[in-house]
Amino acid sequence: MTSYNGKCHCGQTEWTVKLDKDKANHILCHCDTCKILSGSAYTLNQIVPKDTLSFSKGGDSLKHYTYQGESGKDVNCYYCPNCTSHIYHHQTVMGPDTVIVRTALLPQAVKDFQPSAEIFGRAKMSWEKEVAQTFDTLPPS
């Protein structure tokens, strides 16, 4: 496993996530919620075991809110209370031990990672080109 350090926009929250080599990439999410949260066409993410994410600063101060995901189950979004950078999400449908980290907040990942998949492709903007295998919603289990 390799450790990747991240920080929010204001620097109030800092963390490390450990990724296996096969997870050192971006999953692009085109769902409407990610577009609204990011103000962009998609977000850059990776699905990781919760115990691979650790906070060195501000972890106890994170705020969160909950919305209903496509599955009908809760999605908990955790963000910096100062700058509102979204650090990670927990989709309860994935179980208690899995979270989704924002890889765009990991400077080394922005520099080195490539896209490995695109999810919620049915919500892509018409001008977006495919950059990785694209799934209408989520990949089959």
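Contact here means heavy atoms within 4.5 Å. With that settled, I opened my notebook.

**Ground rules.** I am working on a predicted model, where local features need pLDDT of at least 70, side-chain atom pairs count only at pLDDT 80 or more, and totals for chains, interfaces and linings use all residues. Residues are numbered from 1 along each chain as its sequence is written, and side-chain values use heavy atoms, with hydrogens and water left out.

**Entry 1, Val17.** I looked up what Val17 touches. Leaving aside neighbours within four places in sequence, Val17 is in contact with Thr2, Ser3, Tyr4, Val48, Thr52, Leu53, Val101 and Leu106.

I then asked about nonpolar cores, meaning sets of buried Ala, Val, Leu, Ile, Met, Phe, Trp, Tyr and Cys residues joined through side-chain atoms within 4.5 Å. Buried is under 20% relative accessible area, exposed is over 50%, and partly exposed is in between (1.4 Å probe, protein chains only). The largest core has 18 residues, and Val17, Leu53, Tyr88 and Val101 have the most contacts inside it. Strand 2, strand 8 and strand 9 (98-102) each give it two or more residues; strand 2 gives the most, with 3. For my own bookkeeping, strands (E, at least two residues) are DSSP runs numbered from the N terminus. A second, separate core of 6 residues includes Ile27, Cys29, Cys34 and Ile119.

In which order do the 7 strands of the open sheet stand? I read 6-7-8-9-4-3-10, with mixed pairing; two strands pair if DSSP finds at least two bridges between them. Strand 6 (63-68) and strand 10 each have a single partner strand, so one side of each is left without a neighbour in the sheet. Strands 6 and 7 run antiparallel and are joined by 6 bridges. Among the residue pairs I noted Tyr67, whose bridge partner in strand 7 is Val75.

Thr84 has phi near 65 degrees and lies in the loop between strand 7 (74-79) and strand 8 (86-91). Phe120 has phi near 55 degrees and is found in the segment after strand 10 (115-119). Are they buried or exposed? Thr84 is partly exposed at 45% relative accessible area, whereas Phe120 is buried at 11%.

My last stop was Thr13, in the loop between strand 1 (2-7) and strand 2 (14-19). Thr13 is buried, with a relative accessible area of 0%. Beyond four places in sequence, its contacts include Phe55, Leu62, Cys80 and Ile87.

Note on methods: Helix = DSSP H or I, 4+ residues; strand = E, 2+ residues; numbered from the N terminus.
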